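Hi everyone, thanks for making time. I'd like to walk you through one structure today, so please have a look at it first.

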Amino acid sequence: MFIRLKNTTFVPTIIISLIAFVWCYIVLEERIELFRAIVLIVFMNIISTINYYEDIIPDKINLLLGATGLVSNLTTGMVSIPSMIGGILIGGGSLYLVAVIYEILTKREGLGGGVIKYCAALGLWLGIGGIALTILCACILGILFGLIIVPLYRITRPKATIQSIPADGFFSAGAFLTLLYGSRMISHF
């Protein structure tokens, strides 16, 4: 898989990472939050890049993401163990349920297993409230994408068809927003 990736350009990934790092540096006040955010951003960009070019999210990377989140939360105490367990169940379980219902109704796969495992690993990083907010943000971003970008694409390329849209980018963006503004957003509810 990585042999094919060596002929691709990673310039967009590097630019997005640099913007995200600077944005985190400006918004996050504590160094431990900044370090956690940078580690998670690196993982999210690796996963999104691989999924974009290869249409797969490798289990090993999801497992490493989850293990890193577990170690990070155990050492910093930023997310409690019950919240991590709930985050896994909500992140992976809710998407698994949605995927099963969609497949029963349409007789085709909607969410791949890699995205489900990815959200479970994000749930381990962010806890119950964080993953719930991440999923909400991802849904809102996905709806906006569908309402704005897809029609523009169809106008500019009328003969082109859109087969599928990778969901991991929306979950990554939702997790990024949750990292930066999650506590403020949750406190308003």
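A word on the ground rules. This is a predicted model, where local features need pLDDT of at least 70 and side-chain atom pairs count only at pLDDT 80 or more, while totals for chains, interfaces and linings use all residues. Residues are numbered from 1 along each chain as its sequence is written, and side-chain values use heavy atoms, with hydrogens and water left out.

Let's begin with the core. By a nonpolar core I mean a set of buried Ala, Val, Leu, Ile, Met, Phe, Trp, Tyr and Cys residues joined through side-chain atoms within 4.5 Å. Buried is under 20% relative accessible area, exposed is over 50%, and partly exposed is in between, using a 1.4 Å probe and protein chains only. The largest nonpolar core has 37 residues, and the members that touch the most others are Cys24, Leu40, Met44, Leu65, Tyr118, Leu122 and Phe171. H6 gives the largest share, eleven residues. Helices here are DSSP runs (H or I, at least four residues), numbered from the N terminus. As general background, nonpolar side chains in soluble globular proteins tend to be buried together.

With contact meaning heavy atoms within 4.5 Å, and leaving aside neighbours within four places in sequence, tyrosine 118 is in contact with Met44, Ile47, Ile57, Asn62, Leu65, Asp168, Phe171 and Ser172.

Now the helix packing. Two packed helices are described by the angle between their axes and the distance between the axes. The axes are lines fitted to C-alpha atoms, for helices over the stretch in contact, and the angles run from 0 to 180 degrees between N-to-C directions. Angles under 35 degrees count as roughly parallel, over 145 as roughly antiparallel, 65 to 115 as roughly perpendicular, and the rest as oblique.

H4 and H6 pack at about 10°, with axes 8 Å apart, so the two are roughly parallel. Among the residues that meet there are Asn62, Leu65 and Gly66 from H4, and Lys117, Tyr118 and Leu122 from H6.

H3 and H7 have axes that come within 10 Å and cross at roughly 170°, which means that H3 is roughly antiparallel to H7.

Next, the aromatics. Rings of Phe, Tyr and Trp (its six-membered ring) pair if their centres lie within 6.5 Å; planes under 30 degrees apart are stacked, over 60 edge-to-face, and the rest tilted. The whole structure has four such pairs. In one of them, tryptophan 23 and phenylalanine 176 have ring centres 5.0 Å apart and planes at 70°, so they are edge-to-face. That pair links distant parts of the chain, with tryptophan 23 in H2 and phenylalanine 176 in H7, 153 residues apart. Tryptophan 23 is partly exposed at 34%, whereas phenylalanine 176 is buried at 10%. Together with Tyr181, Trp23 and Phe176 form one aromatic cluster.

On to the cysteines. How many disulfides are there? With a disulfide taken as a pair of cysteine sulfur atoms within 2.5 Å, the count is zero. Cysteine 24 is in no disulfide, and its nearest cysteine sulfur, in cysteine 137, is 14 Å away. Cysteine 24 is buried, at 0% relative accessible area. Cysteine 139 is partly exposed, at 42%.

Finally, two loop residues. Most residues other than glycine have a negative phi. Aspartate 55, though, has a positive phi near 60°; it sits in the loop between H3 and H4 and is exposed at 63%. Lysine 107 has a positive phi of about 65°, lies in the loop between H5 and H6, and is exposed at 68%.

That's my tour, and I'm happy to take questions.
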